Amino acid sequence: MSQASSSDIVIVGGGVIGLSIAWELAKRGHQVRVLERGEHVGREASWAGAGILPPANPDTALDPCEKLRGISHQLHAAWAEQLKQESGIDTGFRRCGGIYLARKPGEAASLAGYMHLLRQEEIEAQELSGNDLLQLEPALAPDSFSAAYLVPDELTLRNPRHIKALASSCELRGVHVDTNCEVFDFENHNGIITGLKTSRGLIAGKQFCVTGGAWSSRLLKQITDIPIGLVPIRGQIALFEAPVNLISHILNEGSRYLVPRDDGKVLAGSCEEEVGFEKGTTPEMLEQLADFAYSLVPALKECEITLTWSGLRPGSFDGVPYMGKIPHVENLFMASGHFRSGIHLSTGTALFMADLLESKKTFVDPDHFSILR
Ligand SMILES: Cc1cc2nc3c(=O)[nH]c(=O)nc-3n(C[C@H](O)[C@H](O)[C@H](O)COP(=O)(O)OP(=O)(O)OC[C@H]3O[C@@H](n4cnc5c(N)ncnc54)[C@H](O)[C@@H]3O)c2cc1C
């Protein structure tokens, strides 16, 4: 039996989603406990992500998912500030802006459609001439793009720093974090969970929330027959050591991107691979990412790739996260399936889940995110 006393709320999984919910609940005065099976928190998808926060506007959002994105987007600046004040860690949150590029006519047409949508949502998107483009990003391959747009409200943060800041702020607010603690099953008394069966014994609590990323449905199978369509989708990244300011905006082309860091590092990502729970990089994909990077910024050919990694994104069948109560169980909730946007959506998810756990009205209709949808 674990030594710590029964917490108000026990969260299973210390990724960005679990830690963000824990921090929000702790700020609201709850006694929170996070159980993470890894040696450290946040070392799965949340560590691997690129930290791109694309623009979104809650006031003009057309559906609940966009509303979640818009509210999340707005919250990031305040979160970065508060995390810095509490933990002393600069999360690398920056309004660097994004540039969207297209080469072929089909790509240019779909980009024009996306930019039209952004403008409809009152999000700034400026079309760039070839000269504008080279002035903003002189290292871009000249005469390679048929269309280019600047989206100033694209933001970025550095995932590892954001996670460290969240973990430290959680601790300062009294969140009890157990690492090396894997949850295997639930102790269920007539539809009420009284505890979790873990590698460190039985852990009691009043309410429970599963935030195990791509692994959530494996655990929830122990308690519900309702299929939860979560699939691990692997993404790979290559990190270049480049001169400072070689590029200064996030450069997007299709589903691939280059992300600049203040210290000159440039991330090249990514891909979507269905390979089960197998992490790891492959020479073929890293070659594709390097070729993509060179085709955008030829000077990267002179820069060393110093690190490569992969992560398993929690993909839901429709791209919408599962957030809500588990049917037929009184006090069990989940929040997983944020796919390519978990860092971005983590702030709004924390608010939404904290409201739900407190039985308050949520800012979007919870049915949209229900596991029964
Ligand atoms: C290459 C790549 C690039 C990405 N780029 C971006 C981006 O630019 N912007 C963006 O917003 N998102 C991005 N993402 C997506 C984002 O990283 C994820 O959506 C997000 O990290 C999911 O967070 P999570 O907390 O749900 O899952 P995870 O980070 O996977 O955390 C789940 C945690 O639960 C723990 N756990 C699981 N089961 C158990 C158990 N039974 N007991 C105890 N602990 C358990 C795991 O060990 C893990 O630490 C990217 C992802 C990848 C892989």
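Which residue lies over the face of F277? Select R218, which sits at 3.9 Å from the ring centre; a charge counts as over a ring if NZ of Lys or CZ of Arg is within 6 Å of the ring centre and within 35 degrees of the ring normal.

The model is predicted, so local features need pLDDT of at least 70 and side-chain atom pairs pLDDT 80 or more, while totals for chains, interfaces and linings use all residues. Residues are numbered from 1 along each chain as its sequence is written, and side-chain values use heavy atoms, without hydrogens and water.

Next, select K27, which lies over the face of W23 at 3.6 Å from the ring centre. The whole structure holds six aromatic pairs (ring centres of Phe, Tyr or Trp, the last by its six-membered ring, within 6.5 Å; planes under 30 degrees apart are stacked, over 60 edge-to-face, the rest tilted).

Move to Y100 and Y114, a tilted pair at 5.7 Å centre to centre and 55 degrees between the planes. Y100 lies in strand β4 (residues 98–102) and Y114 in helix α4 (residues 105–120). Y100 counts as buried because its relative accessibility is 11%, whereas Y114, at 29%, counts as partly exposed.

Finally, select F352, F363 and F369, which form one aromatic cluster.

Notes
Helix = DSSP H or I, 4+ residues; strand = E, 2+ residues; numbered from the N terminus. Buried < 20%, exposed > 50% of the residue type's maximum accessible area, 1.4 Å probe, protein only.
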